[in-house]
Amino acid sequence: MGDKLNKNINSLLEHAQLSDDVERFKDYAEASADWFWESDSDLKITAVLNAPEEIKFVYLTDMAAACHSHTSNEMLKTLETHQKFADFVIHTTNQHGKLQYLRISGKPVLGSKGEFCGYRGVARDVSEVVALNRRVEFLATHDELTGLPNRSQFRQRLEHAITKAERANRQVLLMFFDLDHFKMVNDTLGHDAGDQLLIQAARRITQQVRATDILCRLGGDEFVMIMEGASPQDGHRCVREIIRAFANPFEIQEQRVYCTVSIGVSVYPDDTTDPQAMVVYADLAMYRAKQNGRNDFQFYTSNLNFIAHQWLEMEHGIRQALAENQFFLVYEPQIENITGEVVGIEALLRWRHPERGLIPPLEFIRIAEQSSLIYDIGEFVVESCCRQLRAWLDDGYSVPRMSINISPRHLRSDRLGKLLGSVMAKYNISAHMLCIEITENALLEEAEIVKKNMHMIKDLGLSISLDDFGMGHSSLLYLKRWDVDEVKIDRTFVEGLVDSEDDRAIVRAIVALAHALGLNLVGEGVENQEQVDVLATCGCTVLQGYYFAQSMSSKEISQLLIH
Ligand code: C2E
Ligand code: MG
Ligand code: MG
């Protein structure tokens, strides 16, 4: 009796415990974000509890194709062998059509004889976690500003492309892009404008290439592009199109900004089979394109390594030359042909190198322009010219106007105004005695700073001469817009005057244009009497060149001046 009672009490207690457990688990379930599901032995889903919406899958096996965390086969095998599983991440679309990620775990349910009766398990919406994960992954592999693959991703992709090309016996092109004068846009218009320019530049490049070409941003204004299965000919076509696309101005903060691009290209396997070397070679070629005056492209050639080395040496040499006074000026007189009078003097820079002897300016000015050395050179030239003028004036000479060549890079800096003003004041040189020679190309970019400097030069009262006219993108527009005083007909046209009817026609047109606009004219590089005669009949009478005089020292020039 006592036993039976005990048994009853125990069973009652057990029951109470059980219903207590059920209640407890119900609470847990309600508080949980997990969904609960069951399947039958055919793996058909028979119940879903606590889910905000229906599960779209009919069979558990349907989920395998949408599995992200494992392969479809792994998931299928697990289910078909009735194993326990945890954390399969699958995707589906919710009732609003939005992509949704579910993490699902399950445990087989066995009958009294150990037979498989189905699965029971939980699922959870992990869409936010997956999205977050993807964002982190994206940021680690992409540049946030442009959305392009970043440096680390680029390396992987390049290696991958090369492995593929090796197997398929194909070529891979690597292009290295660097925006010209990007720093200036950043400095003058601000970082937001710089960012805008980078985004637009990236878009412009991608618009010119195939969908399969991979553009990456390495940082700053450097971009690289991997072109798989492309020939060097394709590359030529492509870079030319990109350069053309950059000829149009960018619209940034309601301003038109001109920004060109320099491109270097290396080719697998022609140049190298090593991915890292490909980058170095494309970079070297790009550097070479910059040296060539920017807005240009260059394919890698094996002598570029040598050139890069020379370049560095030259830069070092220029620095030393400035410090050790190896630079000096020579002067070329400008003659009025009818009277024979010296009406002007052009100052030309020379470098007396201790070992290499005289180095002409074209060999080093471009190198100096790549760094701030060009400002130091400009300062040296302006200072030397004004000092020389002052010395002649003090010696009682009647001195004609002196023309100074100013680098386009200097014209784009805000140092020029201060320099001219202060040096003129220092030597008490009046403005009518100086003329600033700039090449047409300096005016191609309609940068605010160029406009400002041009106005400043005019406000100081100096005249402006357009050097090497006819060689660049000459247009009437420039002459009108920039308020220049003088045009110098480029030496190459003068050279062809006697033999080439085309050159004669061009010179006639330039002269007519200059007269119509009321501009002074100078013919440069005159080497013989025939050229003098043709120029004279065209109407150009102020001339300079070896026919009249080679460039001379200040002492020699003073003998031509009226005392
Ligand atoms: P540019 O201003 O057009 O100077 C004319 C060049 O032609 C000079 O070469 C001059 O020596 C040369 N030349 C003059 N007459 C004749 C001739 O009859 N026949 C031939 N074949 N050549 C003649 P240079 O001095 O080597 O200067 C080359 C360029 O370097 C200049 O072209 C100018 O753009 C630049 N440059 C020269 N001095 C300076 C300077 O002080 N500052 C800057 N930024 N550039 C300079
Ligand atoms: Mg000149
Ligand atoms: Mg010239």
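These are my notebook entries on the predicted model of one protein chain.

**Ground rules.** I am working from a predicted model, in which local features need pLDDT of at least 70 and side-chain atom pairs count only at pLDDT 80 or more, while totals for chains, interfaces and linings use all residues. Residues are numbered from 1 along each chain as its sequence is written, chains are lettered from A and ligands numbered from 1 in the order in which they are written, and side-chain values use heavy atoms, with hydrogens and water left out.

**Overall form.** I looked up the secondary structure and found 19 helices and 21 strands, where helices (H or I, at least four residues) and strands (E, at least two) are DSSP runs numbered from the N terminus. The radius of gyration, taken over C-alpha atoms, is 38 Å, well over the 24 Å that the globule rule gives for 563 residues, so the chain is more spread out than a compact globule. That rule is 2.2 Å times the number of residues to the power 0.38. I also noted that the C-alpha trace spans about 150 × 50 × 50 Å along its principal axes.

**Burial.** I found that buried residues make up 47% of the 563 residues, with buried meaning under 20% relative accessible area, exposed over 50% and partly exposed in between (1.4 Å probe, protein chains only).

**Cores.** I then turned to the nonpolar cores, each a set of buried Ala, Val, Leu, Ile, Met, Phe, Trp, Tyr and Cys residues joined through side-chain atoms within 4.5 Å. In the largest, which has 83 residues, Met 402 and Ile 489 touch the most other members, and helix α11 (residues 373-394) gives the largest share, 10 residues. Apart from this core lies another of 34 residues, including Val 209 and Phe 299. Leaving aside neighbours within four places in sequence, Met 402 is in contact (heavy atoms within 4.5 Å) with residues that include Tyr 331, Cys 385, Trp 392 and Leu 434.

Which strand holds Val 261? I placed Val 261 in strand β11 (residues 261-268), where it counts as buried at 0% relative accessibility. Val 261 and Asp 180 are 81 residues apart in sequence, yet 5.3 Å apart in space, C-alpha to C-alpha.

My last entry is Thr 92, which lies in strand β3 (residues 85-93) and is buried, with a relative accessible area of 11%. Beyond four places away in sequence, Thr 92 touches Lys 56, Phe 57, Lys 98, Leu 99, Gln 100 and Leu 102.
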